[in-house]
Every structure is written in C-alpha cells, then in structure tokens.
Amino acid sequence: MKNEKNVVELAPLDPSVGLSSSEVQKRVSQGLTNETNTGSTKTIRRIVFSNIFTFFNLLNIFIAALLIYVGAYKDIFFMVIVTANTAIGIIQEVKAKKTIDKLSLLSAPIGHVLRDGQEREIAVQDIVINDLLILKSGNQISADCVIKEGSIEVDESLLTGESDAIIKNVGDTLLSGSFVVSGTCRAEATSVGKNAYIENLTKQAKVYKKPKSDLMKSLKIIVRTVGVFIIPMGLALFFMQYEGANLLPLRGSLEWGQFSSAVRATAGAVVGMIPSGLFLLTSVALAVGVLKLAQNNTLVQELYCIEMLARIDTLCLDKTGTITDGTMTVRSILEYGNDPKTQAKKIIPQMMATFKDKNQTSQALIDKLGLASKSAIATHVINFSSKRKFSAITFEKIGTFAIGAPEFVLTKEAYQTIENDVERYAAQGLRVLVYAHSSKNIEQKELPNNMVAKALILIEDTIRPDAILTIEYFKTHNVDVKVISGDSPVTVAHIAQRAGIDNADKYISLEGLSDREVIDSAMKYSVFGRVNPNQKKILVQTLKSNGRTVAMTGDGVNDILALREADTSIAMASGSEAARNVSHLVLLDSNFSSMPKVVNEGRRVINNVQRVATLFLTKTIFSIILAIIALTTNSKYPITPSQLFMIDFLVIGLPALVLSLQANHEQVTGKFLPNVLKKAFPGALTVGLQTLIIMYLAPVLGMDSQAQSTLIVVAATFTSMMVLYRVLQPFNNFRKLLFIIMFSTFIIAVLMLPEFFEFKALVPYYVSSGNIILELSNSEKLLLLVLIQSSSSLINVFIKLPGMIKRGFLTSIKKLSGI
C-alpha cells in the first residue's frame, strides 16, 4: 500500500544490503519514521483548566470570597465538597488522556531490519521508509511493505476478520498489523507511521471523547437547569435584602450589618441550590465499582461505561475470542475401510511429528491423536498453505498421505464418492477435511492423481466454557445477542446455535453489500458473516439509531471502529493491544463470564446513585422554592449556609456515601432523571408548603425572624429525614441502624447546639457565659410539632397528587363526552 507522499526517491534496494546509515539518517531528518502521534486532543493543562474554571466552581469561589469578606467563616465549609469534586474530575480525565496517549496499535515493540548488510534489532517506531524488514514466523508486521525476497503466509484476521492465512510472494503487499504464520522474507517498508494501513484504520480511536450515558446526561441537565435559576435569583435576593448605597461597604459602617446579613442569606440560597456532593458521590460509587471489578480481573478504562453496560439491550459479539476460544477441536474421524497400514490413528501422529509448521488444525489433530515419537522416513513434504488447502507427506515404502479440503486433495471422480458426506457435515457448520492415501510419491510439489479417501476429519471451533452460561444470563435479562464475524455466516450461525443464541438461524453474509443494504439488514438478522471493519461500525451505528443501547465485544484491530462506536466496548486481554486500548472494559483473564459481574456493578451504581440523588435534589428543589417564596413575599431568605449542615451531613452526606456503596442488583428501569425527580419533588414541595404556613402564621403568633428561621430549618430537616427514611427502604439491620444514628444526631444537634445554628432554643439552654438563649414560645413549639407530625402525610399526598389529577382529568373527559 504505497503512499506517494511517503516515498523517497531511491535506487533499487539490494535485498542483501538494505539501507545505509546515511540513508536512514536522511529519512529520520525528514520525519519519515514509523513513529505516530499518540496524544489525545487535550493537554493536562487544558484538562486542569477546564475542570477548575467551571460555571459552578467560579460561583462557589465567589460566594466563599464574599463570606470570608464578611467574616462568616463557618459558612464556607461547603468548599470542601467543591474541591473534592474538582479533584476527582481532574484525576479521571487525566487518567483517560493517559490511556489514549498509550494507544499503540502494534503489540510487537521490536522489529528486525537489514542495514549496511547487517541484521539489526530496533524499536518499531525507529523503522524508516524503504527499510528492509526481516520477517519470520510469529512476527507482527510493523509497517506496510512489499516483499523483495522470500515467501510467507500471513494472518490478516486482526485487520479483516478473515481467519484464513494468505500466501504472500515477491511483489505482494503486506499490511501493518498482520502476523506472519509461516515462512521468512525480506520486505521493503512502503508506508510508515501515520500513513500505514493500521494507523488509517484506527486514527479515529485516538481522540478521547466522553461516553454518552444517561447518568452523565442527567447530571448535566441538572446543572444547566439550576444554572438558569441561580444567577438571577441570587442577584434578586441580594438586592432585595440589601438597600445600601455602597455595593461593598466598609467594615463597621452603618450599612455593614445589612450587607453581611444579605450576603449570608443569599449564600444560603445559592449554596442550597447547587447539588455539589451529587457529582462526588457518583464518582465515588463508580470508583468503588472499578475496584470491585479489578478484583474480578476486569479493567475499567472509563467510569461511565459501567452504567451503560447495566442499561444495554443489545450485545454484539465477535465469534473468535468471545464465543470461541480461537482453537479447534476434532469432533470425530469417520474412516472408510479398515486397512491397518493406513489407519488415521496410526499415520496422522507420524505426519504431525514430521511437519515443521503448526497451525490450529494440526494442533487439534495432535490433541486428538497425539504425536508420534518415531515415524517412517519422509521423502517428500508439502507443508500446509491456505492457497493449496492441504498438507502432504510421502513416507518411504508406504506411499503418500494428505490432509486437507476434499475438493483440493481428491480428483473430481474420487470426490464424488464422498461428496454427500462432506456436504452433510459442512451444512452442520463443521470444517470437513479428508485424510487420503496413494501408493505413489509426491512429484514436483504435486499430489498423485490417484488419492483415495481413507477418512473424513470433522473439526469444529471450541466454544468457550463460560460463553453458554453468560449468553443465557443476557437472554434472561432481555438482552438481544447478535454475532458479527469475518467468517462464513453458515459456520458462525452453527456456532451461535451451539452457544445458545436465539434466532441463530437468521444469518446473512455482508460480503459485497452496499452501506444501505448493511443498514437494512441490521435489525432483521442475528448473525452476520463476512463483515469488514467498516460494516461492523455501520451495524453498531444502525442499532443505536434504532434506539438500542449497544455493547460490543472484540479482540482484533478489525473490531476497533465498532468498539469505539458502541455505548460500551469490551475487549479480551488475549486479543490485540489495539482493541484493549480503545475499549471501555478489558477482561484481563479473557473470561467472558466476567460480564454479568460488570452488569451487576452497573446496576449497583445506577440504583444507588438514583437513591442518593433523591436526597440531593430534594434540597436543591426546596432551596429554589424557598428563594421564590422569599422573592414573592419580599422577605429574608430563612436559611444560612451553616444551618444547612444538618441536611448536608446527616441527611445527605453520610447516608449518601454509605448507600452508594451498598449492593443493589435490581434490574434498571426507566430514565435516571424522571425517576429521581418523581421521588424528590414530594419532599421539596412539603418543605415549601411548611414554609408558607410558618410565614402565614408568623404575624398571628408574633414570631420574629429568628423564630421563623428556627421552625423552617428544623421542619425542613425533619422532612428531609422522612425522605431519607423512604430512600433507605427496604430496611435491613444496617440501614435501620444508620437511620437511628442520623435521626438521633439530628435531635441532639437541635436541642444541644442552638447557638451554633443561630436557633431559638427548644428547651432552656445556657451558653458558657451563663446567659440563656432565647427559647421558642409554646405556640411556636406547638406549630413545629404539628408541622413535624404532618410531614410524612404531606409527602404521601404529593406522591399521589399526579395520579389523583390524572384520574380527575380522565373522569371529567368521560363526563363531558357523555354530555
């Protein structure tokens, strides 16, 4: 694969000498090396900048600065959560950047080249254009080349998905990323670095992009929605409560007290509206999931993919490495006749001992029949090649024996005698080989023309022992399983049937189909054969465009475009480094059965974050409601940042942290945000209603602003405790103990720390100076008791209210239609 921009004018290359040192240096100076730019699009400086200088961070910093300016130091503790959120965000994105920067699509770091007539071992990135590569069996080809001397067989399955090896001779092109199966050659590098085939195939994978998850999307919607309210409300609250002429009055001036009070009240409203800890708890829950999966040999390279895998409804599998383990198994050997001299179990072990090159088929035969310690003398040997489709040996005094594709080993007449058997077993998805014999010798690498079939060898792919149970798990959880492979669709379909995949009989070959035809087939079939890398990507895109949440597994370079397109991508560690680096998840032990554990971790994360988000958004929503009430009634915002401590730590902070780590494998249903809002609104509306009742009765009961603030904060905290009570259900011993501790701490704090919270005392309370703190009147205590007792009932009313309104509306429509 030549690229004109990447070729230097050169005299014909001498295969016995290669490039000279001066020629190599010239190419290095021109940048014509095999080095690639592996960096992601974001620098660490940019990552740090973008995480620190966010809208809410700047707003929080501004509020903290104002609180410090007015001396309200105990009100700035919220910055601890803000700082933790920012740090976690930076760490996660830097980690993602480093993962992408390490992306190297060649798993062989060392190459062998001929320079100045000597073989040298160099780093792959130091190969230059026109270098003469020395390639041997087992090598990965590190640059696009043209063979100058020798002949090899190459495996391009990681690039094309085709499992058959291909013979390459002088003048043929070799693609970077493929492997040498057998033979040796010297090949000239024609395209290196970013111009190589493997680099063009995978360059899309080198740009980091954050995953699309419902959880991340919902969190962003929450941020944007709160952002719409927060600035205008904050400014309106401040200017409503501060009427001084100087925007920043001097400390000790007449306007200072009013200014300080306005800053604290406004800060209480704004800080209450920002659900800062929600992002921290989400990250912690995901991080714990990563650690748990690591203990089960699963590497998580992107946090949010855990959530996405929990939501998948379509799983796309690549046959090799997921359903099968990449090896072959001899299912049976069907012999024709019983001549003891030519029996398969006697001759085949001798043939396997004589052949130098080993492949999957020969290994399967060795596993079945063993390897002879002694064999007859071989006079002629033909090693297997995918072009010949057979291997053969002439043993002295015994004759010629061949193993291979029946139509290539036998004459047409001889093949017709076993044709029905061959076709019957091939239709079952088996690979059918013939074991044949002739008394004549091999001549000029050609088989005798009188080969006679002695046996049929039936070979099948080995199904991974964990694949069947894992596929059954996904089936029982309503996940549609599809198989996408570069192999024959008939073979793949039978393998899919053996693995227990539903609708495996619905298969199609995508070879030669247009993009439009591939798109049309995506929803109709379950098994896709002869699929190229771009078609895999199109299939995933089409499934997603039809509303599916898609997970893709793969192990080769030919999978990476589809892996990157999938909502969640899973690679086997035994596959290519390229697939591992671009995937969200890597199964380090290549154990397909790890996937249900990943799904369960995703469910734990989503279900638990959904629980704790209810607590956070209850506070956010009621803070917005209280701000609206304060603005519409032209009254002071009733809660300062320090008075939010009980809700922040006893209702949200500690319980949320504990809940986020609890086991929870319930199936995920519905969307994150609607589920959370449905649970958060009743508690928030209850706090809003309680506040209105307190403000309405304040003149009647003669309450001052401190008494109103005390009642509102205590009632709001108690209502939040009722929300926590519901979130903790179903109760176990641990959750019961957690609630008892939090509720008891709340009662103690209200009774024992009125000075810290700037409350009126509920019981007689003396400070250290001996002075008594003002106590709530009996009527105020009675009102607080009524509000507390009604909290749970009000929450129930607001939970049922949408259903009641809907039923009432439908009843009205029916009555009107009857008229």
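Predicted model: local features only at pLDDT ≥ 70, side-chain atom pairs only at ≥ 80, totals over all residues.

## The chain as a whole

The protein chain holds 29 helices and 21 strands. Among the contacts in the protein chain with a separation of 6 or more, 70% come from residues 24 or more positions apart. The accessible surface of the protein chain amounts to about 36,500 Å², and carbon and sulfur atoms make up 57% of that surface.

## Two packed helices

Helix 23, which covers residues 595–633, packs against helix 25, which covers residues 672–701, at an angle of about 35 degrees, and the axes of helix 23 and helix 25 lie 7 Å apart. The crossing of helix 23 and helix 25 is right-handed. Sorted by class, the residues in the contact of helix 23 with helix 25 are 18 nonpolar, eight polar and one charged.

A disulfide is a covalent bond between the sulfur atoms of two cysteines. The structure holds zero disulfides, and C145 is accordingly in no disulfide, with the nearest cysteine sulfur, that of C185, 7.8 Å away.

## Single residues and their surroundings

T342 sits in the loop between strand 10 (324–335) and helix 12 (344–354). If its neighbours within four places in sequence are left aside, T342 is in contact with I347, F401, Y435, H437 and K454. T342 and S438 are 96 residues apart in sequence, while their C-alpha atoms are 9.9 Å apart in space.

K537, for its part, belongs to helix 20, which spans residues 533–545. The C-alpha atoms of K537 and N558 are separated by 9.9 Å, and K537 and N558 are 21 residues apart along the chain.

The table below gathers the accessibility of the residues discussed above.

| Residue | Relative accessible area | Class |
|---|---|---|
| C145 | 0% | buried |
| C185 | 4% | buried |
| T342 | 5% | buried |
| K537 | 14% | buried |

Where is the line drawn for a residue such as K537 to count as buried? K537 counts as buried at 14% relative accessibility, because buried means under 20% relative accessible area.

Definitions and conventions. Residues numbered from 1 in each chain as written. Heavy atoms only, no water. Axes fitted to C-alpha atoms, helices over the stretch in contact; angles between N-to-C directions. Helix = DSSP H or I, 4+ residues; strand = E, 2+ residues; numbered from the N terminus. Left-handed = near helix turned anticlockwise from the far one by under 90°. Nonpolar A, V, L, I, M, F, W, Y, C, P; charged D, E, K, R; others polar. Disulfide = S-S within 2.5 Å. Buried < 20%, exposed > 50% of the residue type's maximum accessible area, 1.4 Å probe, protein only. Contact = heavy atoms within 4.5 Å. Areas by Shrake-Rupley, 256 points an atom, 1.4 Å probe, with all protein chains shown as cover.
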